[in-house]
Amino acid sequence: MLLFDFAVVISSLYSTIFFFQIPDGVNVSKEARLAISKAASVFVLYATSCSNNFALRSKRKTINAQDVLSAMQDMEFDQFLDPLKLCLDSFRREQQGKKEASEKRRKAKEETIVIDDEEEGDENEDEEEDGSMEEEELDSKDDFRID
């Protein structure tokens, strides 16, 4: 069942990529699409298996990017290493940018909360001062009261 689901996902992904890479006016038969889709599925499974072997050699259960790059080299797909490294670097820069933006938003939010808390504290002090002045005014009126 899992393999079938995987094949459907690969087929869908392949169709999208295929649509953008084939020049206008070129027709591809259903059989050719199916054959290329199956080949892509086999390639992804093989690359994953090879990557997993590199992770296991390092006594890890998680495949990382270096495992995939090593697998590509082991499978003799050296021509893909440079483009993959460029994509990986671009992805990492994008993720770092998102992380920095998130940190800036979090810090700005914290600063806003601190400023709001300080302003509320100032308002409370003003209210306390107003309350004490009213009490003083009442006390002074009591001094002038004639019974």
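**Exercise 1.** Determine which residues aspartate 67 touches, not counting residues up to four places away in sequence, and whether aspartate 67 is buried or exposed.

*Solution.* With contact taken as heavy atoms within 4.5 Å, aspartate 67 touches Ser51, Phe54, Ala55, Arg60 and Thr62. The model is predicted: local features need pLDDT of at least 70, side-chain atom pairs count only at pLDDT 80 or more, and totals for chains, interfaces and linings use all residues. Residues are numbered from 1 along each chain as its sequence is written, and side-chain values use heavy atoms, with hydrogens and water left out. Next, the side chains of aspartate 67 and arginine 60 make a polar contact at 2.8 Å (a pair of N or O atoms within 3.5 Å, one able to donate a hydrogen and the other to accept it; residues adjacent in sequence count only if both atoms are side-chain atoms). Finally, aspartate 67 counts as buried because its relative accessibility is 4% (buried is under 20% relative accessible area, exposed over 50%, partly exposed in between, with a 1.4 Å probe and protein chains only).

**Exercise 2.** Describe how H2 and H3 pack.

*Solution.* Helices are DSSP runs of H or I with at least four residues, numbered from the N terminus. The axes of H2 (residues 30-57) and H3 lie 8 Å apart at an angle of about 115°. H2 is therefore roughly perpendicular to H3 (65 to 115 degrees). On the H3 side, the contact includes Asp67, Val68 and Met72.

Terms used:
Axes are lines fitted to C-alpha atoms, for helices over the stretch in contact, and angles run from 0 to 180 degrees between N-to-C directions. Helices (H or I, at least four residues) and strands (E, at least two) are DSSP runs, numbered from the N terminus. Angles under 35 degrees count as roughly parallel, over 145 as roughly antiparallel, 65 to 115 as roughly perpendicular and the rest as oblique.
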